[in-house]
Amino acid sequence: MVTKMRLQLKLTSEERRTLREMGIYHPHARTRMRAQGMFRLAQGLTLQQVADEFEVHLNSVENWRPRWDEFGLVGLFEGRHTGRPPKLSDEERRQLGDLARDAGGTARTLQRQWQRAQRTPLSPNSIKAYLKSMAFRYKRCRFSLKDKRDAAAFERAKGIVASLQGMAQAGQCDLLYFDESGFSPNPPLQYGWPPIGHTRRAETGVHRQRVNVLGALRHDGKLLWTIKEQRTVRDDVIAFFDSIAKQSHQLPRIVVLDNANIHRGEAMEKKRRQWQRRGLYLYLTAALQSGTEPHRNPVETGQVFLAQVRPPYRRRTG
């Protein structure tokens with residue numbers, strides 16, 4: 001009698017609706033099967049009949065019922081699967097992180113160096129998984145002058161730039177960030193999804209000559225730019241600032257640029273005095289040194305030149 005009473009399953013209307021929806025929409029297959037099994041038990045089927053219907057062992061169905069009685073819906077969820085023990089100890093994980101931080105390279109390169117030290121064997125995929133779990137990511141390196149700069153001068157320049165930004169936001173001046181950039185007018189070929197039997201073709205430009213762009217990004221997001229197909233020299237920079245100085249403006253214009261060689265010299269100093277009489281001031285600083293992170297010149301961010309000037313990438317499928 002006790003066994004028969006224990007096998008009887010009575011559900012409220014809310015529980016029936018929940019089990020029905022859980023048996024259809026839950027993302028885990030085994031959880032859906034358990035919900036459907038409990039619903040079938042409530043319809044009067046025996047444990048053996050439910051086991052036969054879902055093609056599982058009788059012991060499995062016998063475990064579903066006490067878990068439902070004790071935990072309710074939570075007892076039907078899939079438990080945590082631990083998997084095999086990790087290959088690396090905490091100390092070995094630290095050593096792998098130090099190797100990736102110091103040596104760099106691809107996962108296969110790290111694997112060779114790891115095996116050369118006669119450590120626990122690891123595949124390239126395992127190395128990737130361990131590094132990702134330690135918050136590493138595989139990305140291109142950057143050239144940096146951070147270790148060569150004057151820290152005091154750098155902090156002082158950062159403070160000046162911050163003050164200029166505050167003046168621009170208060171409407172006391174127009175702040176511009178200047179830099180040069182170069183790229184090919186023909187973008188690299190990309191992958192696509194053409195139908196079987198068709199080839200996706202990309203139309204190229206007339207030539208592959210490199211295009212150089214000089215641009216100044218205002219603090220309000222407006223971009224002033226010009227294009228040159230020859231190498232950028234100091235005279236090009238002077239001509240660009242001459243064109244800006246000739247434009248009418250109400251507020252003084254302050255241009256922040258890095259201290260590259262073509263931004264300095266006797267000719268630039270002579271022109272700077274002329275530009276200042278027209279309300280155009282240049283501020284050379286290493287705080288926005290080109291190519292350094294995290295204090296890159298804002299005009300470089302997001303490849304502004306490329307987005308504004310590059311011709312559209314046309315594709316044809318045929």
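1. Two strands are taken here as paired if DSSP finds at least two bridges between them. On that basis, this predicted model contains an open sheet of 5 strands in the order 4-3-1-5-6, with mixed pairing. Strand 4 (223-228) and strand 6 (280-284) stand at the edges; each has a single partner strand, so one side of each is left without a neighbour in the sheet. From one strand to the next, the twist averages 25°.

2. The protein has a mean pLDDT of 82, and 81% of its residues reach 70 or more. Two stretches stay under 50. Over residues 1-6, where pLDDT is under 50, the model has 2 contacts beyond four places in sequence. Over residues 311-318, where pLDDT is likewise under 50, the model has 23 such contacts.

3. Within the sheet, strand 1 and strand 3 (residues 211-218) run antiparallel and are joined by 8 bridges. The bridge partner of F178 in strand 3 is A216.

4. Helix 10 lies across strand 1, strand 3, strand 4, strand 5 (253-257) and strand 6. Relative to strand 3, helix 10 runs at about 35°.

5. Because F241 lies in helix 10 and W275 in helix 11 (residues 266-277), the pair ties together parts that are 34 residues apart in sequence. F241 counts as buried because its relative accessibility is 0%; W275 is buried as well, with a relative accessible area of 1%. Ring pairs link F178, F240, F241 and W275 into a cluster.

6. Charged groups also lie over aromatic rings. R16 lies over the face of F39, 5.9 Å from the ring centre. The charged end of R119 sits over the ring of W114, at 4.7 Å from its centre.

Methods:
Residues are numbered from 1 along each chain as its sequence is written. This is a predicted model: local features need pLDDT of at least 70, side-chain atom pairs count only at pLDDT 80 or more; totals for chains, interfaces and linings use all residues. Side-chain values use heavy atoms; hydrogens and water are left out. pLDDT is the predictor's confidence in each residue, from 0 to 100. Contact means heavy atoms within 4.5 Å. Helices (H or I, at least four residues) and strands (E, at least two) are DSSP runs, numbered from the N terminus. Buried means under 20% relative accessible area, exposed over 50%, partly exposed in between (1.4 Å probe, protein chains only). Rings of Phe, Tyr and Trp (its six-membered ring) pair if their centres lie within 6.5 Å; planes under 30 degrees apart count as stacked, over 60 as edge-to-face and the rest as tilted. A charge sits over a ring if NZ of Lys or CZ of Arg is within 6 Å of the ring centre and within 35 degrees of the ring normal. Axes are lines fitted to C-alpha atoms, for helices over the stretch in contact, and angles run from 0 to 180 degrees between N-to-C directions.
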